[in-house]
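Please look over the sequence and the structure below.

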Number of protein chains: 2
Amino acid sequence: MARRPPITNRVRELREANGQLSQAALGEAVGVTRQTIIAIEQGRYSPSLETSFRIARRFGVGVEDVFGWEDE
Amino acid sequence: MARRPPITNRVRELREANGQLSQAALGEAVGVTRQTIIAIEQGRYSPSLETSFRIARRFGVGVEDVFGWEDE
DNA sequence: AAGCGGTGTCAAAAATTCTTGACATCAGGG
DNA sequence: CCCTGATGTCAAGAATTTTTGACACCGCTT
């Protein structure tokens with residue numbers, strides 16, 4: 001699990017759709033730092049399921065509406 | 001994130017429903033160890049999203065069919 | 001020109017997830 | 001009985017995620 005994980009995400013998309021929510025604001029809303037949001041948006045690593053749930057719920061959607069699985 | 005996370009899981013349930021798949025066999029199927037499966041079943045920590053996806057897909061279901069969010 | 005919010009990067013450290021190996025228990029079969 | 005498979009525990013370490021703090025760049029406004 002050191003590679004870029006086979007996971008896609010639409011965080012940026014959702015963030016922009018949601019009233020220009022900044023990375024910092026989203027981070028604060030879900031309890032992680034700005035840098036964590038950046039890393040997730042860039043797909044640098046696979047977040048914890050907990051962080052994933054918090055982000056999804058912040059946008060009022062399901063986990064798989066935010067993160068996708070690239071079948072490998 | 002050191003506490004028991006607000007996440008429920010039905011891994012054991014799915015495992016038993018699926019032809020008596022052992023913890024070891026599930027671990028091998030998704031690329032983690034037996035101890036990791038045990039810890040996840042017991043809710044000791046929040047798995048990575050990647051591991052969550054692999055487990056869900058092994059059972060042919062979505063992430064939220066395996067893991068649930070306890071609204072806090 | 002100076003200030004501001006937003007995004008990005010980097011590096012080191014803290015925290016968490018996952019592995020390895022060992023040992024224990026229990027149920028079932030031979 | 002003894003063996004085996006399945007589950008569980010523990011502890012130490014490896015690997016990964018997340019934090020902290022710093023600095024840079026851009027576009028915008030004043």
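## A loop residue in chain A

In this predicted model, S48(A) sits in the loop between α3 (34-41) and α4 of chain A. S48(A) has a relative accessible area of 18%. Buried means under 20%, so S48(A) counts as buried.

The side chain of S48(A) also has a partner: a polar contact of 3.1 Å links it to the side chain of T51(A).

## Helix α3 in chain B

Which residues of helix α3 (residues 34-41) of chain B are buried? They are T36(B), I37(B), A39(B), I40(B) and E41(B). An α-helix has 3.6 residues a turn, so residues three or four places apart point the same way.

The cover over the buried residues of α3(B) comes from several elements of chain B. Among them are the strands β1 (7-9) and β2 (67-69), together with the helices α1 (11-17), α2 (23-30) and α4 (49-58). After α3(B) comes G43(B), which has a positive phi, near 65°.

## How the two chains are related

## The contact between the chains

How many residues of each chain take part in the contact? In chain A there are 22, and they touch 22 residues of chain B. The area buried between the two chains is about 1,900 Å², and carbon and sulfur atoms give 61% of that area. On the side of chain A, the residues that lose the most area to chain B are L49(A), E50(A) and W69(A). Together these three make up 35% of what that side buries.

Between chain A and chain B there are 2 salt bridges. A salt bridge joins the side chains of R57(B) and E64(A), with 2.9 Å from N to O.

## What chain A brings to the contact

In chain A, α4 (49-58), α5 (63-66) and β2 (67-69) each supply at least two residues of the side that touches chain B. Which element gives the most to this side of chain A? It is α4(A), with 7 residues. Sorted by class, the side of chain A that touches chain B has 10 nonpolar, 6 polar and 6 charged residues.

How values were computed
Residues numbered from 1 in each chain as written. Chains lettered and ligands numbered in written order. Predicted model: local features only at pLDDT ≥ 70, side-chain atom pairs only at ≥ 80, totals over all residues. Heavy atoms only, no water. Contact = heavy atoms within 4.5 Å. Buried area = accessible area lost by both parts, 1.4 Å probe. Salt bridge = Lys/Arg side-chain N within 4 Å of Asp/Glu carboxyl O. Helix = DSSP H or I, 4+ residues; strand = E, 2+ residues; numbered from the N terminus. Nonpolar A, V, L, I, M, F, W, Y, C, P; charged D, E, K, R; others polar. Buried < 20%, exposed > 50% of the residue type's maximum accessible area, 1.4 Å probe, protein only. Polar contact = N/O pair within 3.5 Å; in protein donor to acceptor, adjacent residues only side chain to side chain.
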